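Here are my notes on this model, written for someone opening it for the first time. Keep the viewer open while you read, and take the points in order.

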Amino acid sequence: MTAAQQNSYPPARPHDPPVEVFPDVFLVRGSYRANWWLRFSRNMVVLRHGDELTLINSVRLSAAGERQLDTLGSVRHVLRLGYFHGCDDRYYIDRYGAKFWAPPGSRSEPGPAAGRLLEDGGALPFPGARVLLFAQSRHPEAVILIEQHGGLLVTCDCLQHYADRRFNSVLARIMMPLMGFPLRMIVGPVWLKIMTPEGKSLQSDFERIEQMNFDHLIAGHGSICQGGAHEKVSDAIDKAFFREKRDS
Ligand SMILES: [Fe+2]
């Protein structure tokens, strides 16, 4: 890819190097700049299966970061889980000739239309995992359960976990607690408002997620939740939908 071609895509923003958080599961903590004043955290998960890499919630990397990515394996698949994410998908698809997976009804901009569909309980490019699609949401949104390592739930915007404010600008650090983003596990409040159809609720979809077995969570924003994620997700659902406190 020439420099001119590289410049036709959204530029790389500050990010950390890939960190292997579980065997063959890498997390890149990065960022998204909404404008000069607002910068938010954004995460990419890289799964390795043999020599193949699958990128989930893709985040473009610096040249040095891309070299590190290339040492991990060959980028073969790009998965878009979140309706509102995907500005860097096209870069990876063009750069590596990767196959692009997204839920039915996903936006064709940004990024190309999906070549492979992420369907509820459907196929994935790696074993030992399954897809859950929101059934009630206004637009498509998916989560993926990786069944190894005690269960790792990968989400985009629906569930987010914050243990710190890394890669948030000063204004974002001030605004986030006021906008419903405290330092804990949350149902994404802005996402929930936009994705809930008039007069309906997404509670049943979150309760389907709650029925899955997982101990860890990585969302498209914030920090990894390593251990105890299921209980925190249940608490987040309690708060978002004003459920009675559970007995257990
Ligand atoms: Fe998001």
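1. Helices (H or I, at least four residues) and strands (E, at least two) are DSSP runs, numbered from the N terminus. With that in hand, look at the open sheet of seven strands, which runs β1-β2-β3-β4-β5-β6-β7 with mixed pairing. Its edge strands are β1 (19–22) and β7 (116–117), each pairing on one side only.

2. Before going on, a word on what you are looking at. This is a predicted model, where local features need pLDDT of at least 70 and side-chain atom pairs count only at pLDDT 80 or more, while totals for chains, interfaces and linings use all residues. Residues are numbered from 1 along each chain as its sequence is written, and side-chain values use heavy atoms, with hydrogens and water left out.

3. β1 and β2 run antiparallel and are joined by three bridges, with Glu20 standing opposite Phe26 in β2. Phe26 also has a bridge partner in β3, namely Val46. Nine bridges hold β2 (residues 25–33) and β3 (residues 39–49) together, again antiparallel, and Ser31 is partnered there by Ser41. These two strands make a hairpin with five residues between them.

4. Is β2 buried or exposed? Seven of its nine residues are buried, so β2 is largely enclosed by the rest of the structure. Here buried means under 20% relative accessible area, exposed means over 50%, and partly exposed is in between (1.4 Å probe, protein chains only).

5. Asp24 deserves a click. In the hairpin of β1 and β2, with two residues between the strands, Asp24 takes a positive phi near 65 degrees. The side chain of Asp24 also meets that of Arg48 in a salt bridge (2.8 Å, N to O), a term used for a side-chain nitrogen of Lys or Arg within 4 Å of a carboxyl oxygen of Asp or Glu. That pair links distant parts of the chain, from the loop between β1 and β2 to strand β3, 24 residues apart. Asp24 is partly exposed at 33% relative accessible area, and Arg48 is partly exposed at 25%.

6. How many salt bridges does the structure hold? There are 15. One of them joins Glu66 and Arg95, with the closest N and O atoms 2.8 Å apart. Glu66 lies in helix α2 (residues 63–72) and Arg95 in helix α3, so the pair ties together parts that are 29 residues apart in sequence. Glu66 is buried, at 8% relative accessible area, whereas Arg95 is partly exposed, at 29%.

7. Arg95 has a second contact: it lies over the face of Tyr96, 4.7 Å from the ring centre. Likewise, the charged end of Arg60 sits over the ring of Tyr91, 4.1 Å from its centre. The test is that NZ of Lys or CZ of Arg is within 6 Å of the ring centre and within 35 degrees of the ring normal.

8. On to the rings themselves. The structure holds nine aromatic pairs. Rings of Phe, Tyr and Trp (its six-membered ring) pair if their centres lie within 6.5 Å; planes under 30 degrees apart count as stacked, over 60 as edge-to-face and the rest as tilted. Tyr91 and Tyr92 have ring centres 5.4 Å apart and planes at 80 degrees, so they are edge-to-face. Both Tyr91 and Tyr92 are buried. Together with Tyr9 and Tyr96, they form one aromatic cluster.

9. Finally, the other sheet to look at. Five strands form an open sheet in the order β8-β9-β10-β13-β14, with mixed pairing. β8 (129–133) and β14 (225–226) stand at the edges with a single partner strand each, so one side of each is left without a neighbour in the sheet. Strand β13 (residues 216–218) runs antiparallel to β14, joined by two bridges, and His216 stands opposite Gln226 in β14.

Notes. Pairing = 2+ DSSP bridges.
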